[in-house]
Amino acid sequence: MQYKSQAVAKPYFIAAIILFVAQILFGLIMGLQYVVGDFLFPEIPFNVARMVHTNTLIVWLLFGFMGATYYLVPEEAETELFAPWLAHLMFWIFLVATGATVAGYLLVPYATLAELTGNELFPTMGREFLEQPTITKIGIVIVALAFLFNVGMTVLKGRKTVVSLVLLIGLLGLALFFLFAFYVPDNLVLDKFFWWWVVHLWVEGVWELILGAILAFVLIKVTGVDREVIEKWLYVIIAMALITGLIGTGHHFFWIGTPEYWQWWGSIFSAMEPIPFFMMTVFAFNMVNRRRRNHPNRVATLWALGTAVMAFLGAGVWGFLHTLSPVNYYTHGSQITAAHGHMAFYGAYVMIVLTIISYAMPMLRGRTSANSNKSQVMEMWSFWLMTVSMVFITLFLTGAGILQVYLQRVSDNPQPFLAVQDQISLFYWLREAAGVVFLVGLVCYIASFFVGSREPEAVIEPSGSAA
Amino acid sequence: MAQVFTKSMARNIFYGGSAFFLLLFLVLTFDTTKALPDRDNRGAITPEVARGKLVWEQNDCVGCHTLLGEGAYFAPELGNVYQRFGNSKDAIMGFIKSRPKEGIPGRRSMPQFNFSDEELSAIAEFLIYSSKINTAGWPPNIQG
Ligand code: HEM
Ligand code: HEM
Ligand SMILES: [Fe+2]
């Protein structure tokens, strides 16, 4: 760690991991409710478990992005963070707001939570992923503003690199598009149209800039490849992300009351959205192959390569699968959507956060550059367990989705929703089993912070492969 | 990437390309808002429908159901529930009203929300309004 103030990243990463555990536990609860319908009913209805699952996901990714930013910006800007105290303060505000919101979801009925937080005065609750009470949303905006100010001032007073610039543009976009969470018109079509300005323009727009910047940073560090080369790649990747992803929003405007020309715009542009993800994969492997040195933190390199591959599979391949409007006509809102949502979120955003944690945490905990071999081996186990089980979760949901679409929407005798769900329950059981393996992987991940922490750091093995 | 393709070219593609397609996206958005009145059934949005939408939101119905294919995949699509229930508002209200408090052993069940008659009517009106939005022929059939 070159700058003292990088240490503020540590609590952000720890909070991220704790919320990750909560996310997975509630995923498993829902996975069981899919097959044992009355599990925890009526104490934890499915929709409550779902908002805990998805909201903790989004919030822990945000903690991860902020931690990543606080870690890498001082190093890129070659100066201390503008106001470390502000970063600490915002950490606690964000954590308390998250805790209170999740407690609210679990302790009172959602309608009561809406009433208690005065939702009728300024209604923003009850939309997918944006279930937070209005007051929490305002809190998020305040935290984001303070965060952007702090980071922006740091970049202004220091060295301005492409990595920190791209990261900053991405974070600024994240905050700007979140403002559409406050626009909830009575008109359902307008409501849905602009809801996607948060959701799609996040994951298939500005978040890709954040993803690209963090990946570029880690690759510069672990490969020692010339910054100029990496930055050129970064520009091309994010250019393709926005060129395809902005109009690509149209793949959500096929069937929600919007004009039919979106079937053309949406299909054509979103069909090109895999390109930036593919380039990311080529980029990551290229840089690692051209590395000028071997970094002792081998597991961080593994996460970086894994991110590139899994983001391409989840977002690129599984996204393309259902993005053309004639296909989407049948798959829209089915288990195919859930399959894609899982692998894309995991492959792109979960894995990039775990990549930067893997790279930065050893230094934040006082190592010079890497954990012990023992700890790294444990972390590699967690990488494979989580990643492979996520592949299986995706495959099982895809199987469920194909059958669902056929039985409910394509066959000559379309059957009712719940009748179809009964017939495909085997796939849901398998998904739940794969989910348990995922949890085992997560336990290994947490264990990797404790095993071998008294052993000496891993060192670079002598090797002739460095080109 | 060869030397002929420089970093500043890459940067210009990023700024130029993003700005161009953002602008195009805004133009298409503007055109969409012009075209919507003919498709989105806005004439039917009475105060009761608006109230129904709020009830829909404040009980997080979308946390189990899809509406026009968006939401959760645990329970049936509701964008066409009006047609599926034989164009009957009473059937929708009756269904919501009669959910067992303790659920159905071993099976998925909708919670009992204890809605007032006024809330029940509002939410049914909201679903009726939704069912008449022009969705380009989606869903493929009545099962949603
Ligand atoms: C990392 C990037 C991505 C993430 C995290 C992501 C995540 C998601 C999620 C969570 C949904 C479900 C939204 C909902 O609940 O309604 C979704 C829907 C969708 N995604 Fe992605 N996605 C990504 C990239 C892509 C790409 C690159 C494509 C196309 C090539 C794509 C195509 C689609 C389509 C067509 C839908 C709508 C499915 C439907 O009609 O039900 N996604 N995505
Ligand atoms: C490990 C076990 C997991 C299980 C059993 C599980 C289960 C579920 C279930 C049942 C749903 C609700 C689907 C519905 O609406 O009907 C869901 C939604 C979701 N989960 Fe998970 N999940 C798990 C892990 C994850 C992970 C690791 C991620 C992120 C990387 C994730 C991200 C999501 C997202 C984004 C949604 C919303 C999907 C959409 O709207 O299409 N889940 N999950
Ligand atoms: Fe999208």
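Chain A is built from 16 helices and zero strands, where helices (H or I, at least four residues) and strands (E, at least two) are DSSP runs numbered from the N terminus. The radius of gyration of chain A is 22 Å, close to the 23 Å that the globule rule gives for 467 residues, so chain A is as compact as a globular protein of that length. The radius of gyration is taken over C-alpha atoms, and the globule rule is 2.2 Å times the number of residues to the power 0.38.

This is a predicted model, in which local features need pLDDT of at least 70 and side-chain atom pairs count only at pLDDT 80 or more, while totals for chains, interfaces and linings use all residues. Residues are numbered from 1 along each chain as its sequence is written, chains are lettered from A and ligands numbered from 1 in the order in which they are written, and side-chain values use heavy atoms, with hydrogens and water left out.

**Chain A**

- The C-alpha trace of chain A spans about 65 × 50 × 45 Å along its principal axes.
- Of the 467 residues in chain A, 66% are buried; buried means under 20% relative accessible area, exposed over 50%, and partly exposed in between (1.4 Å probe, protein chains only).
- Contact means heavy atoms within 4.5 Å. Among contacts in chain A between residues at least 6 apart in sequence, 83% join residues at least 24 apart.
- A:I24 is placed in helix 1 (residues 9-35) of chain A, and A:I24 counts as buried at 10% relative accessibility.
- Apart from its neighbours within four places in sequence, A:I24 is in contact with A:F438, A:L439 and A:L442.
- A:I24 and A:F277 are separated by 253 residues in sequence and by 26 Å in space, C-alpha to C-alpha.

**Chain B**

- Chain B has five helices and two strands, and from the N terminus on its elements run α-α-β-β-α-α-α.
- The radius of gyration of chain B is 22 Å, whereas a compact globule of 144 residues would have one near 15 Å.
- The C-alpha trace of chain B spans about 70 × 40 × 30 Å along its principal axes.
- Of the 144 residues in chain B, 50% count as buried.
- In chain B, 55% of the contacts with a separation of 6 or more are between residues 24 or more positions apart.

**The interface of chain A and chain B**

- The size of an interface is often given as the accessible area lost when the parts come together.
- Chain A and chain B bury about 6900 Å² between them, 64% of it on carbon and sulfur atoms; this buried area is the accessible area (1.4 Å probe) that two parts lose on being put together, summed over both.
- Chain A gives 89 residues to the contact and chain B gives 76 residues.
- Between the two chains, 33 residue pairs are in polar contact (both at pLDDT 80 or more).
- The side of chain A that touches chain B has 54 nonpolar, 20 polar and 15 charged residues.
- In this grouping Ala, Val, Leu, Ile, Met, Phe, Trp, Tyr, Cys and Pro count as nonpolar, Asp, Glu, Lys and Arg as charged, and the others, Gly among them, as polar.
- A polar contact is a pair of N or O atoms within 3.5 Å; within protein, one must be able to donate a hydrogen and the other to accept it, and residues adjacent in sequence count only if both atoms are side-chain atoms.

**Salt bridges**

- A salt bridge is a side-chain nitrogen of Lys or Arg within 4 Å of a carboxyl oxygen of Asp or Glu.
- Over all chains, the whole structure has 19 salt bridges, and seven salt bridges are found across the interface of chain A and chain B.
- A:K192 and B:E70 meet in a salt bridge at 3.1 Å, N to O. The pair crosses between chains, from helix 7 (residues 188-223) of chain A to strand 2 (residues 70-71) of chain B.
- A:K192 is buried at 7% relative accessibility, and B:E70 is buried with a relative accessible area of 7%.
- A:E231 and B:K7 form a salt bridge at 2.5 Å, N to O. This pair runs from helix 8 (residues 227-248) of chain A to helix 1 (residues 7-35) of chain B.
- A:E231 counts as buried at 3% relative accessibility.
- A network of salt bridges links A:E76, A:R227, A:E228, A:E231 and B:K7.
- B:R107 and A:D422 meet in a salt bridge at 2.9 Å, N to O. B:R107 lies in the loop between helix 4 (89-97) and helix 5 (117-131) of chain B and A:D422 in helix 15 (residues 417-423) of chain A, so the pair joins two chains.
- B:R107 is partly exposed at 41% relative accessibility, and A:D422 is partly exposed with a relative accessible area of 43%.
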